[in-house]
Amino acid sequence: MDNANIMELASLAAALLATGAIAGIAAGLLGVGGGIVIVPVLYYVFPLVGVEREVVMHLAVGTSLATIVATGYSSARAHWLRGSVDMDLLKRWWLPISAGVIAGATLAGNLSGGALSLVFGTVALLVSANMVLRKEGSGIADKLPGTPIREMLGAIIGGVSVMMGIGGGTLGVPILTLFSYPIRKAVGTAAAIGLIIAVPGTLSSIYFGYGNPDLPPFSLGYINLLGFTLIIPGSLLMAPVGAKLAHTLPPAKLRLVFAAFLAFTGARMIYSVLAG
């Protein structure tokens, strides 16, 4: 391996460690899943170290999903032990969520990187608007709707989340709290949903990306194994730091800062695609 390749790998490793650290701080600070941070950061980091534009978004999504498999189990188990996972809802939702994941993963595997970027950017803008405009504790009903609307909501969460490379929290928590779920139970249930999304999503990322000649070194399909290895420790190490900061900084301002980050990222992704 020549010096240029060594420097490229070293730069990529440093960028991935930083990505994990940023995701960990955001998760601890704001209580959001790492995927909503990991994907946009990788979207900007990968091109800086020579990754081809055509595979950047697929690689960011797949790598993010793989990290959720690794970290999601411990999170879901911790919430389950505290009794904050709605097992009855999971029994009703696992099948429609899985169906949504399979449909979304198949669609994502056949879409261009630009189309995936548009999906992520649009949903990021919607999540940002929800964080800014929705009042704490507001909802539209006192319980989830019945069949088939309830199952459709599960399928939407699964399908959109896998296309974005995120777990269950970004969409699951706002949707559940809209129907008057207590926030702790919504967060715990969404953590378990994240595993239902991430496992088949990771496998599909391997399948659809396998053998692609544009992938960087140490990639298994659309999963960068170097990213998978380095993002997780950075995230786990810095999450307590973010949690500590959360107790010293005003939560309302933190939500605004994160909403601004999502709005900027979403708008930038959409603009980059439309501008060509």
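Let's start at R150, which touches L89, R92, W93 and P145, leaving aside residues up to four places away in sequence; contact here means heavy atoms within 4.5 Å. This is a predicted model, in which local features need pLDDT of at least 70 and side-chain atom pairs count only at pLDDT 80 or more, while totals for chains, interfaces and linings use all residues. Residues are numbered from 1 along each chain as its sequence is written, and side-chain values use heavy atoms, with hydrogens and water left out.

R150 lies in helix α6 (residues 149–164); helices are DSSP runs of H or I with at least four residues, numbered from the N terminus. R150 counts as buried because its relative accessibility is 16%, and buried means under 20% relative accessible area with a 1.4 Å probe, protein chains only.

Now turn to α3 (residues 53–81) and α8 (residues 183–209), which pack at about 145° with their axes 8 Å apart. Axes are lines fitted to C-alpha atoms over the stretch in contact, and angles run from 0 to 180 degrees between N-to-C directions. Contact residues include G62, L65 and G72 of α3 and G188, A191 and G201 of α8. The contact residues divide into 13 nonpolar, 9 polar and no charged.

The unreviewed UniProt entry lists residues 153–179 and 186–210 among its transmembrane regions. Residues 186–210 are 96% helix, with end C-alpha atoms 35 Å apart; residues 153–179 are 81% helix, with end C-alpha atoms 12 Å apart.

Finally, take a look at α5 (residues 113–133), where the buried residues include G113, F120 and M131.

Definitions and conventions:
Helix = DSSP H or I, 4+ residues; strand = E, 2+ residues; numbered from the N terminus. Nonpolar A, V, L, I, M, F, W, Y, C, P; charged D, E, K, R; others polar. UniProt positions renumbered as here; feature names shortened; annotations may be inferred. Buried < 20%, exposed > 50% of the residue type's maximum accessible area, 1.4 Å probe, protein only.
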